[in-house]
Structure formats: structure tokens, C-alpha cells
Amino acid sequence: MAYQKDRPLRVAVIGAGPAGIYAADALTSSDLPVTVDVYDKLPAPYGLVRYGVAPDHPKIQSISEKLRLILERDEVRFFGNVAIGDDLTLDDVRRHYDAVLFSTGIPGHRDLGVPGDNLPSCQAAADFVSWYNGHPDALPARPLESERVAVIGAGNVALDVARMLVTHADDLASTDVPDDVLAALRTNKVTDVYVVGRRGPAYAKFTAPELRELPELDDVDLIVHPDDMVLDPASQELVDGNRKVRTNVNLFTEWSKKPLTGASRRLHLLFWRKLKDVTGTDDVTGVRFERTHPGSEHLGEIDAIEVQAVFAAIGYEGQPLPGLPFDPFSGTVPHETGRVVENGAVVPGLYVAGWVKRGPIGVIGNNKADAVETVRSLLADAESLPGAENPDPAAVDALLESRGVRFVTYDHWLRLEAHELAAGAAQGRTRSKVAERARMLSICHPDTQ
């Protein structure tokens, strides 16, 4: 049965990060009456704003205040701690909603793909980011036991990881890092971090605001090798034709001329080095690189650096979602302006937004225009949508309760947030983030432990 206009359009948004919440905003701001239920597998909303932004970037974290206003609308409900594919199948969801919009992001990471990348202390940068941001599924942070660490990649994630490794714990004490993370950072043995790019400085994907933070780090020497700053013709063309590239290269050049201050920690930015392998038998002992500068006398030479840990920060890799088609080459769901496409045909009632739609590119703000495009497609399709078999909102709550799912509503989340803020205030901090899922749920549901 097609959707009938005698009731509000019912839409399920899967993923409570920026893309999903911006989609809820666009849906509930339209002329058509729409109610939106936003699902997330985690007990807390906001996705990468909560779990992907470094704790020393409170201005970016403040985006959550704008997202909060959307979740507080009467037409929007939040269902946290609900995994689509486990707690609810896609068929379950489709029975209760006229349309389903996936905005789950891309959780997977790209492996280095070289010998030795399976050693214990060779980890994904994304895992370290999850750990210091208090993600419930984060892995332990082994590299804090190391003195020298290599971060492979030349983007902002690589810089975030490097900055967190060389920043002294006292400088993070006022942030929202979980208590156990802050305690672990106080034991951090790191003295040298090497951020390594395969190509030259003109090709680095760092943004200027991230780079300008580096000289402000306390007790940290920033090291750029002058030899790496010799530009080949292709690099010079990039510098001449792109203001952002020129700004970055000017910063690198300036830093390459600065003397060392004798700081206790050092952050090295290395370019023109292609990772050859990670060395070690039982664990990481070093990394080896092939020099790649096309005009250098060192082209093809092998550099070796002694390190005890390696982070892969070379991008994210998409994974198939239950019930949806998947393009393994792009790591995304095939679509046409947000409409899910399978075998060349649009699948009625299914939509995508965010990274699962366009790939892991862009900054948080890009998700808004992306979500609006998808919502336009969804609203244009309203009259032809399949229509929910049981659109009663209470039926969803009943189904989850019957399956014993301890789902988290927005009011439950407010309990957790109040707890974190109070715990942080007691320590003179902005917030003390709770990381363990069981503890998060016990705070959200204090009467059902």
C-alpha cells in the first residue's frame, strides 16, 4: 500500500551522527508533515562529533549544541543502543516506516598492506581516535608504552593522532577525555612521533587550521627536513595554482628553518617516503621507507626509522550494510541523488546520506548539503513510497521491549549527559566522558539494573 497523506510521513534515520541529524532537520523543516525516529547502535548521539573530534578541539565539538536542538523537536525521537541488523532487521524497520534513510558512516579502515602490518603495535589511527574519545567499542592504546611512533598518512586524522601523542596530559586535563584515558596519557612515554607522507608537501591533505596549532604545542619541537621541501615541477604547479596548497607549503618551509629548542617531545613531518614494510618479529621495531622524490638523488633509497608502534592513517574503508547493495570499489551504497540503487534500479523507500553515500571525504559541515540533497529526493518520492504496514510510533517501542533491547531515548541520554557534565565540573573540567557501554546504560536506566 502506498503512503497515504492522512497521517505524517514516517521516516527512520539510521545513524545519529551529523548526516543523520541534519537529515532529520531537513525532513521536519519541510512543508510536508514528517515524523523522524533516529537510530544509533551507540547509547549516545552525535557520531563523529562525539567520537571523532579530538578533545582539544572544543569549537568543533560545539556543533553538538546545534544538533541537540534538532533532536529536541517534537517530531524527532532518538533510539540509542539499537543495532539495525541485530536488534531490528531492515524488514522490521520497513514495516514501521514509509522510508528508511541510512547515514551510518564508514567504520572500517584501510590496512597498510605491507609486510609487518599485522604486528600487535601496528594499529589503525581510527582505533586510537576512538580510544581517546571514549568510544564504547574502542581497543586499548598500546602505543603509549612506546617512545617512538610512526603515523603513516598525510591528512588531518594523522595530525590529530600525532598531536594527541605529543601533547602533555596536563594540557588535556580540562577537556572531556574519559578519566581512564587521562590517567593513561599521564603515563605516555612518547618522545618522537613521525608523520609520514608518501608524496611531497604540496600533496599533503592537512588543513591550515590544524597545521597552525602545531607550533603552539607546549614542550614540543616541530621538525621538517629542508631536503623534503625541494619542489619538483608538478609540486610547484600545485603551489602556484592553489592558495591552500601554497599556505601549507609556506608553513612547512618556515618550520624547516627553525632551530630545535631542546623540548622533551618532537613531532617530525616527513615527505617523499613510501612505506616498504614494518619490521619486527614479535612486535614493531621499526619502519622502512622508499624515497620517492622524483628529482632527488635519494630517489629509490631505503630509509629506516626505529619505532615501537605504527598507526595507519591512510583512510577509511566501507563495509556492506545488512539488506543494502554495496559497491566494493567505492566502499559506498550505490545511489542516485541519495536514492538507493540496486542492479541499476532505484529501490523504493531506501535512501543514504553522509559517508555511506559519498565516501569518507569532506568535513563535518559537508554533511548538511549532502543530507538536504537526499531529503529532497525522499520528499519528491513521498506519494509513491511503499507505505508502512504499521506506522503507529508506539509499535516500535513495544517491539524493542519485547526483544529485551535496552534502548536509550533522548531523555535517557540527557541523564547520561548530566552525569558526565557533573563529573567533569567536580574536577574542574568541561565533561568527564563515560566510555563503558554497560555503565552508560546503567546511568540511562538507573531503575533497571
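## Helix packing

Helix axes are lines fitted to C-alpha atoms over the stretch in contact, and the angle between two of them runs from 0 to 180 degrees between N-to-C directions. The model described here is predicted. In this model, helix α1, residues 18-28, packs with helix α13, residues 366-380. Their axes lie 8 Å apart and meet at an angle of about 50°.

Angles under 35 degrees count as roughly parallel and those from 65 to 115 as roughly perpendicular. The arrangement of α1 relative to α13 is therefore oblique. The handedness of the α1 and α13 crossing is right-handed.

## The three-stranded sheet

Three strands form an open sheet in the order β11-β12-β13, and their pairing is antiparallel.

Thr279 has Gly286 of β12 opposite it.

## The seven-stranded sheet

A further open sheet contains seven strands, ordered β3-β2-β1-β4-β18-β17-β16, and its pairing is mixed. At its edges stand β3 (76-79) and β16 (335-336), each of which pairs on one side only.

The pairing of β16 with β17 (residues 339-342) is antiparallel and consists of two bridges. Glu336 has Arg339 of β17 as its bridge partner.

Strands of a sheet pair through backbone hydrogen bonds, either parallel or antiparallel.

## The second largest pocket

The second largest pocket holds about 340 Å³ of space. Its lining is made up of 18 residues. Those nearest the centre of the pocket are Gln61, Ser64, Asp176, Thr430 and Arg431. By residue class, the lining divides into six nonpolar, six polar and six charged residues.

At least two residues each come from α2 (48-51), α3 (58-61), α4 (63-71) and α15 (410-426). Of the contributors, α15 gives the most, with three residues.

Definitions and conventions: Residues are numbered from 1 along each chain as its sequence is written. This is a predicted model: local features need pLDDT of at least 70, side-chain atom pairs count only at pLDDT 80 or more; totals for chains, interfaces and linings use all residues. Side-chain values use heavy atoms; hydrogens and water are left out. Two strands pair if DSSP finds at least two bridges between them. Helices (H or I, at least four residues) and strands (E, at least two) are DSSP runs, numbered from the N terminus. On a 1 Å grid over the protein atoms alone, a cavity is a set of points where a 1.4 Å probe fits but cannot get out, and a pocket is an open set with protein on both sides within 12 Å along at least five of seven lines; lining residues have an atom within 4 Å of a point. Grid points are joined across faces, edges and corners, and a volume is the space filled by probe spheres set on the points. Ala, Val, Leu, Ile, Met, Phe, Trp, Tyr, Cys and Pro count as nonpolar, Asp, Glu, Lys and Arg as charged, and the others, Gly among them, as polar. Angles under 35 degrees count as roughly parallel, over 145 as roughly antiparallel, 65 to 115 as roughly perpendicular and the rest as oblique. A crossing is left-handed if the near helix is turned anticlockwise from the far one by less than a right angle, and right-handed if clockwise.
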